[in-house]
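This briefing goes through a structural model by topic, from its overall make-up to individual residues. Please keep the sequence and the coordinates open alongside the text.

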Amino acid sequence: MQVPFASHDCPLRVAPHAQDVRNLAALQSLPEVLAERKLESIRNSWSIMEEREPFPTRRAWQDLSCLLLFGVATCGILLTSCLCPSKPPTANSHQGSEVLQPYLLFAVASAGAVGSLAAAFVCTLLARKAPKCVAWAALFSRPALTTLLAFVFVFGAASQGRAAPGVAGVLLAAFGIWQLVVTCREQTRSVSFTAKLTEVTSDVIKCRPCFYSAVAVGVFLGFLWTTICMLALARAFVEVHEVTKCILVSSVILLFAWGSLVVTNLCHMVHCGIFGLWYHGKDCPRTMLSSLRVAATTSLGSVCFGSLLVWFLQGLAVVAQCVQRIGHKQSKGLAFISSTVLGRFIVCMDDASDCFNDWALIQCAVRGTSFLESAAATYSVIACANVQYIMEDLLLSSLALLSGIVCSLAGGFVAASTGWALGGASAALVGGSIGVMIGMIAGAAALGGVSSGIMTVLVCWAEDPLPLIESHPDVHLELESKILGRLRG
């Protein structure tokens, strides 16, 4: 969310029925028409939130059409891959089929899941025991990832005797050094604040150890989804006619990407349910199972819709910007279209990006609203409590990236070792790739779960600060002082 310019007259927190453009800092830098439209959305969202209490006993199915679309796409693409006629076998295809045998893919995927699960538990335990160390490590996760990719390119260039990968590796290394310098100059102040909120989630994990079960469920779902898609992809690569091969491979890859986002967001929503139940003081004997049931049944359509919508809107925004630039250069007609229709579309995408993300799924978990209703409600509570000034000082994405790197390396190494033992170098390469993909999902279930907890606590605090005042008064005071510093500064 873009942080607006704040007026000195804006209050720390705006009451539900006292919202106005003049007392909401999030609206003051917007054009008048857009500010009035967002103000109306904020008021309508508060009415919806007042009608639906947190964690209702009965929930309606939400965004069911998108759930059906995901189910139809999954069944259609996977069944088509498995039932298509096979091409005549050749020597090369026989050699490739040995590497892509189902038993081998299942073995390396299982090994990758075990390695990723162990790394995910280690990351979670470190976040509990040493939150500040984890925050510092997360701070440098992006430069570390860039540097790691640079080493991969340089190693590939040295082993193959080619200059192009080596040049790319040197450029990536230089970019990694630049990232490190920028990180040290601009984001070190966020470490202590992120560690402070990580301590809150650590306290919740101590009293709700079912968090570890949620991590295990996330790793298992990642393993299951990756294995199914890799088996379908192996069938498309080895046994399908060339005419349909390209279409099926592309379809399976796109389906895998969408499904991976669905699994990641489902884990995120389960964690949001666990932390939301703690914050609102709801006694539930099976907290994890209750949160999983909500995420996997009545709100699964919202998870599928949100996963597809954010991805789709971001892609369309990029295409619209490219067409807009081409239109200005090529012809006046295209320039007119791009300046009107596409220009308004880009503004809508920027407007939508404020709420169409992981933050929206918090209200799906807490209140069981649809994804669009949850997005509007989340934006409302963030704007009325000025939480946008807190969001910019957090390392939430860096926490998820750190655990993703650790789990991917662990899962990739274990899966590659298993593949090497079962089928040599080619199987090791396939196993390492599968282990990395499972590790990425496992990382989202580990420290990504800690990030989900921080987000849930912030959104619930923005709506009702009393539970946090009672449990962690020092954190409440630090949150308010940070917002006041931005409003008065």
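Contact, as the word is used throughout, means heavy atoms within 4.5 Å. The model is a predicted one, in which local features need pLDDT of at least 70 and side-chain atom pairs count only at pLDDT 80 or more, while totals for chains, interfaces and linings use all residues. Residues are numbered from 1 along each chain as its sequence is written, and side-chain values use heavy atoms, with hydrogens and water left out.

**Overall make-up**

- The secondary structure of the protein comes to 20 helices and 0 strands, where helices (H or I, at least four residues) and strands (E, at least two) are DSSP runs numbered from the N terminus.
- Of the 489 residues in the protein, 50% are buried, a term that stands for under 20% relative accessible area, with exposed meaning over 50% and partly exposed in between (1.4 Å probe, protein chains only).
- Among the contacts in the protein with a separation of 6 or more, 80% are accounted for by residues 24 or more positions apart.

**The crossing of H8 and H20**

- Helix H8 (residues 189-207) and helix H20 (residues 473-488) have axes that come within 11 Å and cross at roughly 145°; axes here are lines fitted to C-alpha atoms, for helices over the stretch in contact, and angles run from 0 to 180 degrees between N-to-C directions.
- The crossing of H8 and H20 is left-handed, and the convention is that a crossing is left-handed if the near helix is turned anticlockwise from the far one by less than a right angle, and right-handed if clockwise.
- On the H8 side the residues involved are Phe193, Lys196, Leu197 and Val200, and these meet Asp474, Val475, Glu478, Leu479 and Lys482 in H20.
- By class, the contact of H8 with H20 has 5 nonpolar, no polar and 4 charged residues, given that Ala, Val, Leu, Ile, Met, Phe, Trp, Tyr, Cys and Pro count as nonpolar, Asp, Glu, Lys and Arg as charged, and the others, Gly among them, as polar.

- Ala445 is placed in H17 and counts as buried because its relative accessibility is 0%.
- Leaving aside neighbours within four places in sequence, Ala445 is in contact with Val215, Gly218, Cys267 and His271, and its C-alpha atom is separated by 9.5 Å from that of Gly222, 223 residues apart along the chain.
- Ser116, found in helix H4 (residues 102-129), is buried, with a relative accessible area of 0%.
- Not counting residues up to four places away in sequence, Ser116 touches Cys407, Gly411, Gly435, Ile438, Gly439 and Ala442.

**Ala214 in helix H9**

- Ala214 lies in helix H9 (residues 210-239) and counts as buried at 5% relative accessibility.
- Val270, His271, Ile274 and Met288 are touched by Ala214, not counting residues up to four places away in sequence.
- Ala214 and Leu289 are 75 residues apart in sequence and 8.7 Å apart in space, C-alpha to C-alpha.

**Positive phi angles**

- Most residues other than glycine have a negative phi.
- Phe55, although not a glycine, has a positive phi of about 55°; Phe55 is found in the loop between helix H1 (32-51) and helix H2 (64-83) and counts as buried at 13% relative accessibility.
- Asn386, likewise not a glycine, has a positive phi of about 60°; Asn386 lies in the loop between helix H15 (371-385) and helix H16 (388-391) and is buried, with a relative accessible area of 1%.

**A covered helix and an exposed tryptophan**

- Helix H14 (residues 360-367) is mostly covered, with 8 of its 8 residues buried, including Gln363 and Arg367.
- H14 is followed by Gly368, whose phi is positive, near 75°.
- Trp178, placed in helix H7 (residues 163-186), is exposed because its relative accessible area is 52%.
- Trp178 and Pro143 are 35 residues apart in sequence and 8.3 Å apart in space, C-alpha to C-alpha.
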